[in-house]
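Subject: Structure for your files

Hello,

Here is the structure you asked about. My notes on it follow below.

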Amino acid sequence: MAAVTAIYRHHVLHGTASFETEAPDLAEMSRRRADLVGRGMPHLVLEQVGVIRGYAYAGPYRPRAAYRDTVENSVYLAPDAIGLGFGRRLLAALIEQCTALGLRQMVAVVGDSDNLASIRLHEQMGFRRVGTLIAVGFKHGRWLDTVLLQRALGSGDTTLPQTRAE
């Protein structure tokens, strides 16, 4: 989790993918992971020759019960790992695991409409743009949009969802 914390810290302090402005410490990142895993949600890391190159997770899209079959994904890569295909591998594994869990929709909320690499990655993995929220964040001295993308998982909305414990 120290490597995951360092990767996220970089994106919080220097990027616009996350709208957090203060980087959480190792204890908070560990708490967040434990919360997701405790809910049965995937939290993945990609390791290459003993070095964590990136991580991805899926968590509840919204807390209300009607959203229980929809998750939001996040993918973060070490700065020197961007553009090497690791994001695609992480997102593919995340989609596979969420589908196996019986989830039906995955939403990506991409921070900054200029984050074309993330938008393209999601589109290449079957997501479609469903909207842009204009100037909803302010970070690093500028207004930022979020781009919403969505992808069906499994049979999507063509069948009723599985019954799961709430």
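**The start of the chain**

Met1 is partly exposed, with a relative accessible area of 32%. Please keep in mind that this is a predicted model. Met1 sits in the segment before α1. Leaving aside residues up to four places away in sequence, Met1 touches Leu26, Met29, Ser30, Arg33 and His43. Arg64 is 63 residues from Met1 in sequence, and their C-alpha atoms are 29 Å apart in space.

Phe19 belongs to the loop between α1 (2-14) and α2 (26-38). With a relative accessible area of 32%, Phe19 is partly exposed. Together with Leu133 and Val136, Phe19 makes a nonpolar surface patch of about 240 Å².

**Helix α3**

Helix α3 covers residues 86-100, which is 15 residues.

Which residues of α3 are buried? They are Phe86, Gly87, Leu90, Leu91, Leu94, Ile95 and Cys98. These residues cover an arc of only 165° around the axis, which puts them on the same side of α3. The face turned away from that buried side carries Arg89, Glu96 and Ala100, which are exposed.

As for what lies against the helix, the buried residues of α3 pack against the strands β1 (43-48), β2 (51-60), β3 (70-77), β4 (105-111) and β6 (142-152), and also against α4 (116-124). Just after α3 comes Gly102, with a positive phi of about 85°.

**Helix α4**

In α4, the buried residues are Ser118, Ile119, Leu121 and His122. They cover an arc of only 160° around the axis, so they are on the same side of α4. Ala117 and Gln124 are exposed on the other side of α4.

The buried residues of α4 pack against β3, α3, β4, β5 (128-139) and β6.

**Salt bridges**

How many salt bridges does a search of the whole structure find? It finds eight.

The side chains of Glu20 and Arg32 form a salt bridge, 2.8 Å from N to O. Glu20 is in the loop between α1 and α2 while Arg32 is in helix α2, so the pair ties together parts that are 12 residues apart in sequence. Both residues are partly exposed: Glu20 has a relative accessible area of 24%, and Arg32 has one of 27%.

Asp114 forms a salt bridge with Arg142, and the closest N and O atoms are 3.8 Å apart. This pair links distant parts of the chain, with Asp114 in the loop between β4 and α4 and Arg142 in strand β6, 28 residues apart. Is Asp114 buried or exposed? Asp114 counts as exposed because its relative accessibility is 57%, and the cut-off for exposed is over 50%. Arg142 is partly exposed, at 34% relative accessible area.

Glu123 and Arg129 meet through their side chains in a salt bridge of 2.7 Å, N to O. Glu123 counts as partly exposed at 34% relative accessibility. Arg129 is partly exposed too, with a relative accessible area of 46%. Elsewhere, salt bridges that share partners join Glu20, Glu28, Arg31 and Arg32 into one network.

Two residues other than glycine are worth looking up in the viewer. Asp112 has a positive phi, near 80°, and is not a glycine. Asp112 is in the loop between β4 and α4. With a relative accessible area of 5%, Asp112 is buried, since buried means under 20%.

His140 is not a glycine either, yet its phi is positive, at about 55°. His140 lies in the loop between β5 and β6. At 45% relative accessibility, His140 counts as partly exposed.

Regards

Terms used
Residues numbered from 1 in each chain as written. Predicted model: local features only at pLDDT ≥ 70, side-chain atom pairs only at ≥ 80, totals over all residues. Heavy atoms only, no water. Patch = residues over 30% accessible without salt bridge, like charges linked within 9 Å, V, L, I, M, F, W, Y side chains within 5 Å. Areas by Shrake-Rupley, 256 points an atom, 1.4 Å probe, with all protein chains shown as cover. Salt bridge = Lys/Arg side-chain N within 4 Å of Asp/Glu carboxyl O. Helix = DSSP H or I, 4+ residues; strand = E, 2+ residues; numbered from the N terminus. Buried < 20%, exposed > 50% of the residue type's maximum accessible area, 1.4 Å probe, protein only. Expected span 1.5 Å × (residues − 1). Arc of directions from axis to C-beta. Contact = heavy atoms within 4.5 Å.
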